[in-house]
Amino acid sequence: MDPEILENYRKAGKIARYVREFGSELIKEDVPILDVVNKIEDLIVKRGGRVAFPVNVAIDDVAAHFTPRHDDDKLTFQYGNVVKLDVGAHVNGYIADTAVTVEIGTRRWQDLIKASSEALQVAIDMVKPGLDLGLVGKAVSQTIKAYGFKPISNLTGHSLEQFKLHAGISIPNVEEFEADIVAKGQVLAIEPFSTDGMGEVKGYKRSNIYRFVRDRPVVDNDSRLLLEKIMRYRRSLPFSERWCVRYLPNPNKALYKLIQKRAISMYPILKDKGGGMVAQTEHTIIVTSDGCEVIT
Ligand code: MN
Ligand code: MN
């Protein structure tokens with residue numbers, strides 16, 4: 001890998017790791033979720049990075065893809081919640097993606113959390129050039145099952161490229177027979193999900209997280225303005241409703257119109273189909289000649 005690119009990844013990784021740890025300390029009973037995500041995003045910028053995607057806070061049976069709206073000030077963390085905090089920082093488009101699970105007040109789900117973090121460690125220990133990622137899925141699945149839980153089969157890790165959060169390669173959390181082969185220099189986000197539910201997620205509305213799809217003729221002034229800002233500042237990286245308030249005091253109408261025009265799309269909230277509790281742990285790694293370097 002080009003040394004300059006490697007430096008960018010390492011810097012992004014350091015920032016992402018720092019804000020993940022900082023953020024996980026803020027997750028407490030009765031704390032407003034909005035305050036936590038805003039503080040983390042501000043800190044990413046303060047430490048010299050850019051926010052790669054809105055800070056995701058997925059609670060209980062929600063596995064991924066939720067961030068509060070700008071006016072969600074009544075939304076607070078609750079005693080007993082199992083919170084997946086998923087953060088991303090980038091430096092010149094080189095992204096580090098990482099997540100941790102925090103249980104608030106109780107210790108009921110520590111094994112569920114351990115199942116996902118141990119599965120991640122097992123996966124990291126396997127990575128080297130030539131490895132069949134189907135075998136990583138198998139090992140992740142076996143590790144989680146040994147704890148008496150299920151991996152989420154339709155969520156995967158992914159490769160990263162400059163300004164691309166999902167760059168084409170998937171890292172399965174279950175055994176797979178048509179998976180990609182690891183190559184030196186690849187940047188991979190590995191993220192096992194464990195659950196006591198169905199082990200499969202389904203999509204729901206109102207994640208408040210969006211992405212640009214394509215430029216489209218939009219006549220409405222507000223929608224046009226917003227689309228121009230998105231194309232200029234986000235490219236293909238995800239963005240949140242919260243950030244649009246910089247340009248429009250209430251952006252939801254304009255966002256809705258842009259979705260209808262297929263200029264942007266909304267990520268679905270992903271919940272376990274059986275309503276099970278979900279834990280997630282994630283690191284970003286760079287594949288070296290004989291293993292990998294964890295950057296987060
Ligand atoms: Mn993530
Ligand atoms: Mn990821």
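Author: Happy to look at this with you; a domain here is a stretch of chain whose bounds come from an automatic or database domain assignment. Please keep in mind that this is a predicted model.

Reader: What distance separates the centres of domain 1 and domain 2?

Author: The assignment gives domain 1 as 3-203 + 270-294 and domain 2 as 204-269. Taken over C-alpha atoms, the separation between the two centres is 24 Å.

Reader: How many salt bridges are counted between domain 1 and domain 2, and how many residue pairs in polar contact?

Author: Good one to ask together. The salt bridge count between the domains is one. For polar contact between them, the count is 12 residue pairs.

Reader: Which side chain of opposite charge is nearest to Glu 241?

Author: Glu 241 lies in helix 6, residues 241-244, and is buried. A salt bridge needs the nitrogen and the carboxyl oxygen within 4 Å. Glu 241 has none, and at 4.2 Å the nearest side chain of opposite charge is Arg 69.

Reader: Which side chain does Glu 241 join in a polar contact of 2.7 Å?

Author: The residues that Glu 241 touches include Arg 69, Asn 208 and Tyr 210. The 2.7 Å polar contact joins the Glu 241 side chain to that of His 70.

How values were computed: Residues are numbered from 1 along each chain as its sequence is written. Chains are lettered from A and ligands numbered from 1 in the order in which they are written. This is a predicted model: local features need pLDDT of at least 70, side-chain atom pairs count only at pLDDT 80 or more; totals for chains, interfaces and linings use all residues. Side-chain values use heavy atoms; hydrogens and water are left out. Helices (H or I, at least four residues) and strands (E, at least two) are DSSP runs, numbered from the N terminus. Buried means under 20% relative accessible area, exposed over 50%, partly exposed in between (1.4 Å probe, protein chains only). Lys and Arg count as positive and Asp and Glu as negative; His and the chain ends are not counted. A polar contact is a pair of N or O atoms within 3.5 Å; within protein, one must be able to donate a hydrogen and the other to accept it, and residues adjacent in sequence count only if both atoms are side-chain atoms. Contact means heavy atoms within 4.5 Å. Lists of a residue's contacts leave out its neighbours within four places in sequence.
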